[in-house]
Amino acid sequence: MPLTLGVIADDYTGASDLANTLSKEGVRTVQTIGVPDAALALPDADAVVVSLKSRSIPADEAVAVSLAAYEWLKSRGASHILFKVCSTFDSTDAGNIGPVTDALRLATGAAIVPVTPAFPETGRTVYMGHLFVGDVPLNESPLKDHPLNPMTDSDLKRVLARQSAGRVGLVPLKDVAAGADAVSARLEHLALDGRTAAIVDAVFDRDLEAVGVAAAALPLSTGASGLGLGLARALIADGRVLRQASDGAALAAGIGGYAAVVAGSCSKATLEQIAIAEGQMPVLRLSAERLVTHPEAEVAAALDWAKARLASGPVLIAASGAPEQVAEVQARFGRHAAGVAIEHGTAAISEGLVAAGVRRLVLAGGETSGASVDRLKIPAFLVGPEIAPGVPLLRTEGQPGEPMVLALKSGNFGGPDFFAKALAMMGVAV
Ligand SMILES: Nc1ncnc2c1ncn2[C@@H]1O[C@H](COP(=O)(O)OP(=O)(O)O)[C@@H](O)[C@H]1O
Ligand SMILES: O=C(O)[C@@H](O)C(=O)COP(=O)(O)O
């Protein structure tokens with residue numbers, strides 16, 4: 001059966017967030033890691049979310065891999081493509097949201113692309129083109145201290161224009177509140193005026209329903225889980241997708257083995273979750289400096305520490321540091337080099353944990369998850385029940401050997417007790 005919705009996600013946690021939203025709305029969804037190779041047999045699905053690790057790589061590489069994902073999705077019959085970006089619009093002036101949206105626009109033949117990272121359930125709203133995170137503008141939120149892409153401007157029209165070849169317009173809330181026809185009319189007007197992308201305001205889910213109807217009539221849109229919700233509801237309402245209840249509850253059944261958490265996110269939410277976990281399970285804080293200078297020794301020491309404890313219950317291993325610690329490491333080794341070296345270290349730890357018998361694994365951080373999932377050579381996931389908004393339980397699919405259950409937590413997502421909750425849903429008591 002041909003696909004209806006094809007999603008190209010710029011990181012793995014973001015992909016699982018979007019897959020969670022689609023599946024909750026009743027869209028049969030599979031998440032693949034990278035562009036699937038021809039041999040991978042996938043279950044029937046109405047939506048495939050291709051997870052890329054393209055958020056923080058050079059823009060030309062992000063464009064190339066996104067176009068490859070597009071070609072694959074098109075060959076499977078996808079009638080709408082959603083480019084999934086972060087609800088906090090994580091990017092820099094060099095990209096990659098603008099360059100990838102531009103390239104997909106040309107490939108799909110779209111005149112204009114609606115763009116909105118709104119995700120009201122997690123407090124991301126867009127008004128007059130400005131992104132709010134909770135009750136503050138993006139540039140006053142913890143995202144101003146992000147290790148890889150500090151967000152210092154809440155005006156997404158400006159942010160996107162700086163990284164796009166085309167001109168950027170706005171679909172204001174008054175049009176969105178007037179409904180899908182008004183959104184479509186505004187997009188058409190902006191396209192005639194030479195705009196190639198438009199930031200779309202949205203504050204409530206009902207706004208995203210209107211945006212979803214307008215977007216579903218176009219070949220391409222760019223956004224986060226809120227837009228996923230709008231598209232899912234629109235595709236079900238117009239009969240392109242038959243709503244199906246997911247049987248996710250059975251997803252983790254029968255998967256035993258040791259359990260662990262590996263964290264590389266330095267977000268405020270993750271730092272708080274690690275602090276809470278210290279009262280619930282053994283926690284090892286890695287030295288970020290040693291992960292850069294002596295990676296093999298730091299990884300080996302962490303694995304020795306974990307192996308001595310895994311039989312007694314879950315363990316948590318974290319590279320994560322507070323903003324001043326991150327700044328110190330970056331000043332010494334460079335932002336990119338430090339990030340990549342630390343991701344390699346946490347990925348090697350994930351690999352060592354699985355080799356030691358871990359089958360239930362929680363990963364915290366988008367880049368961190370990407371590096372670990374790649375190292376574990378997982379080709380695809382089935383999407384299970386929601387642990388917290390934006391974070392589902394996942395079961396590996398298409399991998400030889402025993403399946404595993406994972407959670408890929410976006411740095412910003414989850415309540416303070418997230419790790420214990422995720423482990424409990426995997427059948428692990430803390
Ligand atoms: N102590 C640290 N100092 C500097 N960088 C770090 C530290 N710990 C982790 N990192 C890096 O910070 C980045 C966090 O990004 P990511 O994993 O995407 O988290 P998030 O989901 O919060 O954005 C990764 O590149 C990771 O390797
Ligand atoms: O849209 C979101 O906020 C998330 O789905 C997302 O993209 C997560 O990115 P990280 O915070 O880098 O995990």
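So, ligand 2 first, and where it sits: both domain 1 (5-237) and domain 2 (250-425) give residues to its shell, so ligand 2 lies between the two domains. Keep in mind that this is a predicted model.

How many residues surround ligand 2? There are 14, and the closest are Thr13, Asp17, Arg55, Lys84 and Ser87. If you sort that shell by type, you get three nonpolar, seven polar and four charged residues. Helix 1, residues 12-24, gives the largest share, with three residues.

Asp17 has a side-chain N or O atom 2.5 Å from an oxygen of ligand 2. Lys84 comes in with a polar side-chain atom at 2.9 Å from a ligand 2 oxygen. Then there's Asp11, where the side-chain N or O atom is 3.3 Å from an oxygen of the ligand. On its own, ligand 2 would expose 350 Å², and the protein buries 95% of that.

Okay, over to ligand 1. Here 20 residues make up the surroundings, and the closest are His146, Ser265, Glu343, Glu367 and Thr368. By type, the shell around ligand 1 splits into seven nonpolar, 11 polar and two charged residues. Domain 1 (5-237) and domain 2 (250-425) each put at least three residues into this shell. As for helices, helix 13 (335-355) and helix 14 (366-375) each contribute at least two residues to it.

What does the backbone do for ligand 1? Gly366 has a backbone N or O atom 2.9 Å from an oxygen of the ligand. Gly411 has one too, at 3.0 Å from a ligand 1 oxygen. And a nitrogen of ligand 1 is 3.0 Å from a polar backbone atom of Ala319. Taken alone, ligand 1 exposes 580 Å², of which the protein buries 95%.

Let me stay on helix 14 for a second, since it came up in that shell. The helix is mostly covered, with eight of its 10 residues buried. Which ones? Gly366, Glu367, Thr368, Ser369, Gly370, Ala371, Ser372 and Val373. Just past the end of helix 14, Lys377 takes a positive phi of about 55 degrees.

Last stop, Thr270, which is in helix 9, residues 268-277. Buried or exposed? Thr270 is buried, at a relative accessible area of 0%. Its side chain makes a 3.1 Å polar contact with the side chain of Lys409. The Thr270 side chain also reaches the backbone oxygen of Gly411, at 2.9 Å. Remember Gly411: that residue has a backbone N or O atom 3.0 Å from an oxygen of ligand 1.

Leaving out residues up to four places away in sequence, Thr270 touches Ala263, Ser265, Ser320, Ala364, Lys409 and Gly411.

Methods. Residues are numbered from 1 along each chain as its sequence is written. Chains are lettered from A and ligands numbered from 1 in the order in which they are written. This is a predicted model: local features need pLDDT of at least 70, side-chain atom pairs count only at pLDDT 80 or more; totals for chains, interfaces and linings use all residues. Side-chain values use heavy atoms; hydrogens and water are left out. A residue is near a molecule or strand if one of its heavy atoms lies within 4 Å of it. A polar contact is a pair of N or O atoms within 3.5 Å; within protein, one must be able to donate a hydrogen and the other to accept it, and residues adjacent in sequence count only if both atoms are side-chain atoms. Accessible areas come from the Shrake-Rupley method with a 1.4 Å probe; for residues, only the protein chains shown count as cover. Helices (H or I, at least four residues) and strands (E, at least two) are DSSP runs, numbered from the N terminus. Ala, Val, Leu, Ile, Met, Phe, Trp, Tyr, Cys and Pro count as nonpolar, Asp, Glu, Lys and Arg as charged, and the others, Gly among them, as polar. Domain bounds come from an automatic or database domain assignment. Buried means under 20% relative accessible area, exposed over 50%, partly exposed in between (1.4 Å probe, protein chains only). Contact means heavy atoms within 4.5 Å.
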